[in-house]
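Welcome, and take a moment to look at the model below. We will walk through it together, step by step.

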Amino acid sequence: MTIVCPNCSARLQLDDAKAPLGTFTVRCPKCQKTIDAKSSEALPDQSGMGLGKSPATERARFERAIPAPPFRIEPDGALSGKHASGEPSLASVEDAARLLVELLHRSGVTEKKVRRRSERRRVLVCSIPSYREKIARLLDENGYEVFVADDTTQAVESMREEHMDIVILDPQFDPVEQGAAFVTREVNTLRPADRRRLFFVYFSPSVRTLDMHTAFLTNVNLVVNPSDLEKLPNVLERAMRDFNELYRDFNAVNQVAAL
């Protein structure tokens with residue numbers, strides 16, 4: 001890039017690759033005047049924090065965002081979880097009980113006083129369609145309460161409103177809306193006490209299942225390769241045992257149950 005001194009008209013040549021991003025100052029080597037300059041192209045921030053507002057917060061003021069519906073398998077094998085209008089269906093007494101607990105909680109009754117009828121772990125699945133149903137079926141058959149997010153808005157709303165125990169994230173989830181980045185940001189901005197109450201799973205073909213070094217570098221609790229999808233319930237159970245053992249004394253001091 002070329003910088004022209006407004007005082008003496010001297011021209012300075014600066015390598016674009018070495019120029020700082022955004023606005024910066026340089027000193028004219030001829031007249032020693034300070035020159036304000038700006039790089040021609042500032043690289044965009046690709047991090048989760050640079051994405052702007054979450055899709056769940058960009059809705060109209062009075063528009064109700066709908067979280068991911070519970071995953072259900074009807075006797076004929078069809079999937080259930082939504083009414084025709086898009087609203088979550090109350091497919092069982094368990095769903096009604098969960099909603100009742102949430103209403104009582106908002107009215108001042110704590111969760112310690114009213115427990116869900118089922119103590120199944122609640123899992124949010126954020127994956128591409130080719131894996132989404134299979135992951136949900138496997139976990140549902142193994143006793144998990146599964147919620148499947150179709151898009152970024154459902155995923156973010158569920159994480160804020162549904163008190164998930166486990167989040168499974170595919171890096172290709174809702175690529176148009178940068179779903180993986182927004183879900184990751186939701187996890188990374190949790191308070192430490194809340195983050196310890198969430199088990200974060202990264203589901204990607206670029207990782208090796210149970211590679212804890214990769215999990216540490218990715219800032220997740222577990223990594224799983226899709227080639228090991230059939231083993232997911234066993235892998236998840238093993239990793240959860242290790243996770244709960246790690247925080248056993250911490251949970252005891254804080255009088256909270258293991259995940």
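The protein averages a pLDDT of 78, and 69% of the residues score at least 70. Where pLDDT is low, the predicted coordinates should not be read in detail.

Now step back and take in the whole fold. You can find eight helices and eleven strands in the protein. Of its 259 residues, 39% count as buried. Look also at how the chain meets itself: among contacts with a separation of 6 or more, 52% are made by residues 24 or more positions apart.

With that overview in hand, let us turn to helix α3. This helix covers residues 152–161 and is mostly covered, since seven of its ten residues are buried. Which ones are they? The buried residues are T152, Q154, A155, V156, E157, S158 and M159.

At the start of α3, a side-chain oxygen of D151 reaches to within 3.3 Å of the backbone nitrogen of T153. Just after α3, H163 takes a positive phi of about 55 degrees.

E157 sits in α3. Its relative accessible area is 8%, which is under the 20% cut-off, so E157 counts as buried. The C-alpha atom of E157 is separated by 5.0 Å from that of P67, although the two residues are 90 apart along the chain.

Finally, follow α3 across to its helical partner. How do the two helices lie relative to each other? The axes of α3 and α4 come within 9 Å and cross at roughly 10 degrees. Angles under 35 degrees count as roughly parallel, so α3 is roughly parallel to α4. On the α3 side, T152, A155, V156, M159 and R160 take part in the contact, and they meet G179, F182, V183, E186 and V187 of α4. The residues of this contact divide into six nonpolar, two polar and two charged.

Notes. Residues numbered from 1 in each chain as written. Predicted model: local features only at pLDDT ≥ 70, side-chain atom pairs only at ≥ 80, totals over all residues. Heavy atoms only, no water. pLDDT = per-residue confidence, 0-100. Buried < 20%, exposed > 50% of the residue type's maximum accessible area, 1.4 Å probe, protein only. Helix = DSSP H or I, 4+ residues; strand = E, 2+ residues; numbered from the N terminus. Polar contact = N/O pair within 3.5 Å; in protein donor to acceptor, adjacent residues only side chain to side chain. Axes fitted to C-alpha atoms, helices over the stretch in contact; angles between N-to-C directions. Parallel < 35°, antiparallel > 145°, perpendicular 65-115°, else oblique. Contact = heavy atoms within 4.5 Å. Nonpolar A, V, L, I, M, F, W, Y, C, P; charged D, E, K, R; others polar.
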